[in-house]
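This report walks through selected features of one protein chain. Keep the sequence and the 3D view open while reading.

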Amino acid sequence: MARVLHTSLVAPSPAGTALQERSLPLTYLDAVWLLAPPVERVFFYANATGNDVLSNLKDSLSRTLRDFYPLAGRLRLTPGTPNRHELHYKPGDGVNFTVSEYHHAGFDELATDDPTEVAKILPLVPALQAGGPVLAVQATMLSGGLALGVTFHHGACDGVSSTHFLRTWAWAAAACAGANAPEPPVIDRTFIRDRDDLYDTFAPHRQSSDDEDDGRKPLGVVSPDVQQVLATFTLSKEHLQRIKEAVAREAEHRGVPTPRSTSIVAAFGFIWHCHVRAKQGSEREAAASSGGGGDRAHLLFPVDHRARLDPPVAEKYLGNCVGPCFVSALRKEVAAASTDGLFTACAAVAASIDTVMRGEPGYWDGIMERLIELFSAAELPLTVAGSPRFRVYDTDFGFGRPVKVDVVSVARTGAISVAEARGGGGGVEVGISLPADGMERFRECFADAIAWLPSSS
């Protein structure tokens, strides 16, 4: 475990007019995430040590929280209601900032793509304490660098908003002379039309705030096994292009239209294909006793709806404005060898994105029932956290870009994390957590699938 040196409460800066007590109601788009696990992300910075670094992080966090004051507040049940929730801020609220040191593993051992024991990384991210906080920060001093762990309650905001906050905080810390400040958040719930029917579906009725779930036991989530490892795999821009070409060739061979061809489709389809193939061996061994994992494989990832709602939502809107994209295909077809399985996976991803893009009426109706069905099944769907659009490797607090960024919470959820490749060039990084033997099978499937790709034209 990391040794905690001290924890302090960082409140929004009092500069200018003092912030008054206020509440921000959750919308139905927030309510769907009330029981989701916190999103835990850790940034590794080389040679970023010393009290000056820590002091600057706290001071700049305070200044940033003034604009992002809901993140300094508490998530609570709205008084007098059975299931309406709000982010409530009052003077004296703030964000827990923990300073710790860790000697059980060195910087280079932790900031790596290679499989690393989850038990070694979990101490680097802070827990959300009781009482409804939605943000916590932990700065851990390592031999050779700093690990900055940040935990968000998903009910407060989505990845677009959380990374907007992080970029704004980093800009404030770096005191970027001559650089334009990031735009402030838009804190305005009138952008989202009320859907009481959906809110009632997504938010359970509670008797009081004391009944609030701490967010760590949503449908289908289990505690990470102590033997789990976390690793990162990179698909370069060349890899993504070869995936697109392989899918186009297979479509031509089958005499069908070429599916939507984007880097996201290529990356998600490729990783889903590898993940399903990797699980085949263990499933076959357990099939006799468990009955197998079902005929269909499922993938689930979020889609930003800011530009798709009517009226459109501001790009810097602070809150949740994402909806699920459901992907399903026959398991044996996704797991097929050579480019057959890759085509099936990418075509299914592309078709599901096309459905969301069309904005068909009734998109939101029945979503909760479908989520419950998926997460109650014998095998959970593969889910996705993050996006290359978030540009997490641009989060520079004044001591350089991060050497490595991990979404640690994928160890709790079984999700994969995605981000832009840290070296630039249009590639995609994928983080995944599996038991050690499962990680070895995934690595082999990943290498095989790369080898099956045609040479880039």
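Start with the loop between strand 3 (39–46) and helix 2 (51–67), where Asn47 lies. The model is predicted. Asn47 is not a glycine, yet its phi is positive, about 60°. Most residues other than glycine have a negative phi, and most peptide bonds are trans. Is Asn47 buried or exposed? Asn47 is exposed, because its relative accessible area of 66% is over the 50% cut-off.

Ser338 also has a positive phi of about 60° and is not a glycine. Ser338 belongs to helix 10 (residues 338–358). With a relative accessible area of 34%, Ser338 is partly exposed. Turn next to a peptide bond. The bond from Asp310 to Pro311 is cis, and its omega is near 0°. Pro311 sits in the loop between strand 11 and strand 12 (322–330).

## Helix 7

Helix 7 covers residues 237–254, 18 residues in total. From first C-alpha to last, helix 7 reaches 26 Å. That is close to the 26 Å expected at 1.5 Å a residue.

Which residues of helix 7 are buried? They are His239, Leu240, Arg242, Ile243, Glu245, Ala246, Val247, Glu250 and Ala251. The list includes the charged residues Arg242, Glu245 and Glu250.

Strand 13 spans residues 382–386. Four of its five residues are buried, so strand 13 is mostly covered by the under 20% cut-off. In a regular strand the side chains alternate between the two faces of the sheet.

Strand 13 pairs with strand 11 (residues 296–304) through two bridges, and the two run parallel. Leu382 in strand 13 is the bridge partner of Leu299. Strand 13 also pairs with strand 15 (residues 416–420), in the parallel sense, over three bridges. Here Val384 stands opposite Ile416 of strand 15.

## Salt bridges

How many salt bridges are there? The count comes to 23. Side chains of opposite charge can pair when their charged atoms come close. One of the salt bridges joins the side chains of Asp113 and Arg422, at 2.6 Å from N to O. Asp113 lies in the loop between helix 3 (107–110) and strand 7 (116–117), and Arg422 in the loop between strand 15 and strand 16 (428–435), so this pair ties together parts that are 309 residues apart in sequence. Asp113 is partly exposed at 27% relative accessibility. Arg422 is partly exposed too, with a relative accessible area of 26%.

Lys404 and Asp406 form another salt bridge, 2.5 Å from N to O. Lys404 is buried, with a relative accessible area of 0%. Asp406 counts as buried at 4%. Now take Asp394 and Arg391. Their closest N and O atoms are 3.6 Å apart, and the pair forms a salt bridge. Asp394 is partly exposed at 38% relative accessibility, and Arg391 is partly exposed at 38%. There is also a network of salt bridges, which links Asp158, Asp304, Arg306 and Arg389.

## Nonpolar cores

The largest nonpolar core has 66 residues. Which of them touch the most other members? They are Leu65, Leu71, Phe97, Leu148, Phe165 and Trp169. Helix 5 (residues 159–174) gives the largest share of this core, six residues.

Look at Leu65 in detail. Neighbours within four places in sequence are left aside here. Leu65 is then in contact with Val10, Ala11, Pro12, Leu71, Ala72, Val95, Leu135 and Phe165. Another core, of 52 residues, lies apart from the largest one. Among its members are Leu299, Ile416, Met439 and Phe442. Leu299 is the bridge partner of Leu382, and Ile416 stands opposite Val384.

Asp448 is found in helix 13 (residues 436–452). At 37% relative accessibility, Asp448 counts as partly exposed. How far apart are Asp448 and Ala337 in sequence and in space? They are 111 residues apart in sequence and 9.1 Å apart in space, C-alpha to C-alpha.

Conventions: Residues are numbered from 1 along each chain as its sequence is written. This is a predicted model: local features need pLDDT of at least 70, side-chain atom pairs count only at pLDDT 80 or more; totals for chains, interfaces and linings use all residues. Side-chain values use heavy atoms; hydrogens and water are left out. The expected span of a helix is 1.5 Å times one less than its number of residues. Buried means under 20% relative accessible area, exposed over 50%, partly exposed in between (1.4 Å probe, protein chains only). Two strands pair if DSSP finds at least two bridges between them. A salt bridge is a side-chain nitrogen of Lys or Arg within 4 Å of a carboxyl oxygen of Asp or Glu. A nonpolar core is a set of buried Ala, Val, Leu, Ile, Met, Phe, Trp, Tyr and Cys residues joined through side-chain atoms within 4.5 Å. Contact means heavy atoms within 4.5 Å.
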